[in-house]
Amino acid sequence: MFLYLSKLLPLFFYPLGFACICSFLAFLLIWKRPRTAAFFIALALFVLLFSSNAWVSRFLVRSLEWQNIPLAEIPPAEAIVVLGGATKSAYEPRTNVDLSEAGDRVLYAAQLYRQEKAPLIIVSGGRIDWRGGGTPESEDIAKLLVFMGVKQQDILQDPDSLNTYQNAVNVKKILLERNIDRVILVTSAMHMPRSLAIFKHQEIEAIPAPTDFLIAEGEIKELASTPKGAILNILPDSKNLDNFTIALKEYIGMVIYRLRGWV
């Protein structure tokens, strides 16, 4: 139940959900209290415009992604840990497992393995049944890693984790069984601050290896590179709204995890 509520309730605090609530309240109040209805309409419009312009969205994303700048040289460890959230199940019309936006995690893990940064890869991630189900994501990622040259015997799986906290707890069990002390943690740059905090709370020595950066120096410089560009970046854009929402999700997740005592 907690997992379901943790996915459901925050939706109403994200810009789109919040704007929908304001619009619904405005619809209910428009005949009896038009001024209040107008306030909710204005609030909904402000929230959408604020969260969907590039200036706000990119700086919010950067505040998370740039907390763990990749090291020039990743030190060796005993295992590479890849967190789920990087694939889509092989449901029709897909003929194979697809990589999602966060699929760079899988590619980067394979790259680190081939660079001999660690002899093992631990893949952590299950599938939520009410989100379509399918084979555990750890199994799907393992297949892709084998395709990219990772030996099957060098892949360990945690097929049961359904959130980042469970990732850390289940990986800790695998590490204790294998007497592994240090790992390289691979996940999306925006997800790394929360993931790293949870792993450290589980007393796992993790070297951050973020990937899937949405915002680089080029995107920041582009904001005000020309007067025309500066104006265009103020205008609403669905991609900016999506990135803002993902970043807000991470901040809300950190608050919830602190309240639960998980970080």
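In which loop is Asp-212 found? Asp-212 sits in the loop between S7 and helix H9 (217-223), where helices (H or I, at least four residues) and strands (E, at least two) are DSSP runs numbered from the N terminus. The model is predicted, so local features need pLDDT of at least 70 and side-chain atom pairs count only at pLDDT 80 or more, while totals for chains, interfaces and linings use all residues. Residues are numbered from 1 along each chain as its sequence is written, and side-chain values use heavy atoms, with hydrogens and water left out.

Asp-212 has a phi near 60°, a positive value in a residue other than glycine. Most residues other than glycine have a negative phi. At 9% relative accessibility, Asp-212 counts as buried; buried means under 20% relative accessible area, exposed over 50%, and partly exposed in between (1.4 Å probe, protein chains only). Glu-116, in the loop between H5 and S4, also is not a glycine and has a positive phi of about 60°. Glu-116 is exposed, with a relative accessible area of 69%.

The loop between H5 and S4 also holds Lys-117. Lys-117 forms a salt bridge with Glu-73, the closest N and O atoms being 2.3 Å apart; a salt bridge is a side-chain nitrogen of Lys or Arg within 4 Å of a carboxyl oxygen of Asp or Glu. Because Glu-73 lies in the loop between H4 and S1, the pair ties together parts that are 44 residues apart in sequence. Lys-117 is buried at 11% relative accessibility, whereas Glu-73 is exposed at 56%.

The structure holds six salt bridges. One of them joins Asp-140 and Arg-127 at 2.9 Å, N to O. Asp-140 lies in helix H6 and Arg-127 in the loop between S4 and H6, so this pair links parts that are 13 residues apart in sequence. Asp-140 is buried, with 2% relative accessibility. Asp-98 and Arg-94 meet in another, at 3.5 Å; Asp-98 is partly exposed at 34%, and Arg-94 is partly exposed at 31%.

Arg-58, in helix H4 (residues 54-65), is buried at 14% relative accessibility. A polar atom of the Arg-58 side chain lies 2.8 Å from the backbone oxygen of Glu-219. Leaving aside neighbours within four places in sequence, Arg-58 is in contact with residues including Ile-215, Ile-220, Leu-223 and Asn-233.

Phe-13 is exposed, with a relative accessible area of 59%.

How values were computed: A polar contact is a pair of N or O atoms within 3.5 Å; within protein, one must be able to donate a hydrogen and the other to accept it, and residues adjacent in sequence count only if both atoms are side-chain atoms. Contact means heavy atoms within 4.5 Å.
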